[in-house]
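My entries follow in the order in which I looked.

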Amino acid sequence: MWRVQYVSAQQLAGFRQYKYSAVDTNPLSVHVMQPMWDQIVKIVPQWVAPNLLTFSGFVVLLINYFLLSFYDWDYTASGTSPGSIPTWVWLFSAFATFCAYTLDSIDGKHARRTHCSTPLGELFDHGLDSWATSIFTLNFFSLCSRGNEQTGFLLHKMFLSLSIALLNFMVSHWEKYNTGVLFLPWGYDISQVVQIVLYLLTAATGVEIWHRPILFGYYIVDILILLIIGLSIVLSFPQTLYNIYKAYLKKTLKRDSFYDGCVPLVSPILLFTLISIWVTLSPCDILAKQTRMFFWMLGVTFSNILVRMIICQMSNTRPKVFHWFLFPLALVVYTAVTGQLGRMEPIVLALFNMFVTAAHVHYGICVVRQLSDYFNIYTFSLKKRI
């Protein structure tokens, strides 16, 4: 594959000085999950590379995504034909979510256990997390179904839920970009455990459980949306601003000015602005016509923007103000909402989807290879380079 040097010499030098720092205050994580991960990691053979654990979890999650896509391409199977998704698919979804969650949680522990922690390992982990965040959410949408105002997700609720999940991830890493410390969000562990439980519950009772109220006339979907919004507005966003403010008072901020601190937010905000305009003004109602494809495009584009932010955070450099994906996206959105694409709008979405996915995968492979060469290590092996 044609190799591009995406990481600059300045950024590579910055990686040499990088030290990982994280804080986890979530009671569920500290008192329940972490002790369990400490036991599970002991099962992993010493010769297994931590990055292999990370990648394996992501692959299992992808398999789950494509499996659900086969049975429920347009997110209506759980509503219009409740038996069309077999019970074993929900059981596999619970298994896949648990595996991805577990492997993502123990890779760092295994790296420290085998004395092979590197900046590449953290970038590999968080880079895949930035993509997995959207995939976890898209898989979950198959449980709820869309289009039913009472029992399912309306499209705008699906879009809102996915956007909040991605913004939560962005805010955590923007916080680290400014403070140098990753304050692990409470919502992540809670959402993973809830998702696994609901997959198992659906396998045991059928999707009919989503079609009847469970508490004071509220459906599961209503409660989940309130939970998502509550965790974000009440916990995540205010806590991020407070942590940045504390770092400002202690004079430990990593950025010299307000402008430098806010530069990473420009591209994500523009991304969600362009996407919202497209969703709102699309002549053919593109979100309803190609729901899965549209959400996949949003997740991939977001992931590439966030990976570049993470690289800048780890190398103590400043990202570019405008991510280059935004320029072709803006052109597509303009031609779509002005009616110039006509019936070609879904086809152009598909082509743009293939373009950003290929570009993102190429970027990831090249960056991993570049850092592997720089640190003189193998990505998926603990063997030493000669």
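**Nonpolar cores.** I began with the largest nonpolar core, which has 72 residues, and among its members I275, W278, F294, F295, M297 and L329 touch the most others. For this I took a nonpolar core as a set of buried Ala, Val, Leu, Ile, Met, Phe, Trp, Tyr and Cys residues joined through side-chain atoms within 4.5 Å, where buried means under 20% relative accessible area, exposed over 50% and partly exposed in between, with a 1.4 Å probe and protein chains only. Helix α12 gives the most to this core, with 15 residues; helices (H or I, at least four residues) and strands (E, at least two) are DSSP runs numbered from the N terminus.

I then looked up M297 by itself and found that, leaving aside residues up to four places away in sequence, M297 touches I275, W278, L329, L349, F352, N353 and V356, with contact meaning heavy atoms within 4.5 Å. A second core of 30 residues is separate, and it includes L67, Y199, A203 and V221.

**Basis of the values.** I note that this is a predicted model, in which local features need pLDDT of at least 70 and side-chain atom pairs count only at pLDDT 80 or more, while totals for chains, interfaces and linings use all residues. Residues are numbered from 1 along each chain as its sequence is written, and side-chain values use heavy atoms, with hydrogens and water left out.

**Salt bridges.** I next asked how many salt bridges there are, counting a side-chain nitrogen of Lys or Arg within 4 Å of a carboxyl oxygen of Asp or Glu, and the count comes to three.

The pair K109 and D38 has its closest N and O atoms 2.9 Å apart, and it links helix α5 (residues 87-113), which holds K109, with helix α2 (residues 27-40), which holds D38, 71 residues apart. K109 counts as buried at 17% relative accessibility, whereas D38 is partly exposed at 34%.

E122 and K176 meet at 2.3 Å, N to O. Because E122 lies in helix α6 (residues 119-144) and K176 in helix α7 (residues 155-179), this pair ties together parts that are 54 residues apart in sequence. I found E122 buried at 9% relative accessibility and K176 buried at 1%.

D260 and R318 meet at 2.7 Å, N to O, with D260 in helix α10 (residues 258-281) and R318 in the loop between α12 (291-315) and α13 (326-337), 58 residues apart. D260 is buried at 17% relative accessibility, while R318 is partly exposed at 47%.
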